[in-house]
Amino acid sequence: MAQTISYITGAQLLSLRRRPNIAIIDVRDEERSYDGHIAGSLHYASDTFSDKISDLIQDVKGKDTLVFHCALSQVRGPTCARKFASHLEETKEDTGIKSVLVLERGFNGWEASGRPVCRCTDVPCKGKTT
Ligand SMILES: [Zn+2]
């Protein structure tokens with residue numbers, strides 16, 4: 001898998017996320033607990049991301065598209081997405097994951113565009129807003 005990470009816009013994600021084969025990975029750190037999150041997203045904080053890649057792979061079994069984001073998707077989101085892509089490349093594990101994407105403008109852009117934000121405290125978030 002190439003190290004170039006593609007971006008997806010909030011509008012694209014909004015229509016894609018109803019599909020069962022997509023996983024949204026929130027790599028923000030403590031902000032998730034007070035800023036809310038995209039419903040159904042998994043939380044893998046960037047701080048400890050490298051140690052938890054194998055947990056993440058377990059968590060996304062059956063998904064073929066992973067969308068990473070942080071607050072702005074400028075540093076943490078793309079960095080974690082690249083780490084994840086390199087891990088897949090190195091281990092050559094057959095995970096069935098076909099694309100690793102980054103949400104353009106991150107959570108803040110998502111929220112600023114008025115897209116649905118979940119404020120539950122469930123881990124993992126089971127939210128499925130329409
Ligand atoms: Zn939630």
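Is Cys-120 buried, partly exposed or exposed? Cys-120 is partly exposed, with a relative accessible area of 26%; buried means under 20% relative accessible area, exposed over 50%, and partly exposed in between, with a 1.4 Å probe and protein chains only.

This is a predicted model, in which local features need pLDDT of at least 70, side-chain atom pairs count only at pLDDT 80 or more, and totals for chains, interfaces and linings use all residues. Residues are numbered from 1 along each chain as its sequence is written, and side-chain values use heavy atoms, with hydrogens and water left out.

**The zinc site**

Cys-120 (SG) coordinates the zinc ion together with His-37 (NE2), Cys-118 (SG) and Cys-125 (SG), at 2.1 to 2.3 Å. Donors are N, O and S atoms within 2.8 Å of the metal (3.2 Å for Na, K and Ca); water is not among the atoms, so sites may look incomplete. The angles among the 4 donor atoms are 105 to 117°, and the site is tetrahedral (four donors with all angles between 85 and 135 degrees). The donor residues follow the spacing H-x80-C-x1-C-x4-C in sequence. His-37 lies in the loop between helix H2 (31–35) and strand E3 (42–43), and Cys-120 in the segment after helix H5 (106–112), so this pair ties together parts that are 83 residues apart in sequence. Helices (H or I, at least four residues) and strands (E, at least two) are DSSP runs, numbered from the N terminus. His-37 is buried, with a relative accessible area of 2%.

**The sheet**

An open sheet is formed by 5 strands in the order E1-E5-E4-E2-E3, with parallel pairing. Two strands pair if DSSP finds at least two bridges between them. The edge strands, strand E1 (6–8) and E3, each pair on one side only. E4 runs parallel to strand E5 (residues 99–103), joined by 4 bridges, and E2 runs parallel to E4, joined by 5 bridges. Some residues that stand opposite each other are listed here.

| Residue | Opposite residue |
|---|---|
| Thr-65 | Ser-99 in E5 |
| Ile-24 | Val-67 in E4 |
| Phe-68 | Val-102 in E5 |

In a regular strand the side chains alternate between the two faces of the sheet. Both faces of E4 are covered: Thr-65, Val-67 and His-69 are buried on one side, and Leu-66 and Phe-68 on the other.

**Aromatic pairs and the core**

There are 2 aromatic pairs in the structure. Rings of Phe, Tyr and Trp (its six-membered ring) pair if their centres lie within 6.5 Å; planes under 30 degrees apart count as stacked, over 60 as edge-to-face and the rest as tilted. The rings of Phe-49 and Phe-68 have centres 5.9 Å apart and planes at 75°, so this pair is edge-to-face. For Phe-68 and Phe-84 the centres are 5.7 Å apart and the planes at 50°, so the pair is tilted. Phe-68 lies in strand E4 and Phe-84 in helix H4 (residues 76–91), so the pair ties together parts that are 16 residues apart in sequence. Phe-49, Phe-68 and Phe-84 form one aromatic cluster.

The largest nonpolar core has 22 residues, and these three are among those with the most contacts inside it. Such a core is a set of buried Ala, Val, Leu, Ile, Met, Phe, Trp, Tyr and Cys residues joined through side-chain atoms within 4.5 Å. H4 supplies the largest share of this core, 5 residues.

Definitions and conventions
Four donors count as tetrahedral if all angles lie between 85 and 135 degrees; four count as square planar and six as octahedral if opposite donors are over 155 degrees apart and all others between 65 and 115; anything else is irregular.
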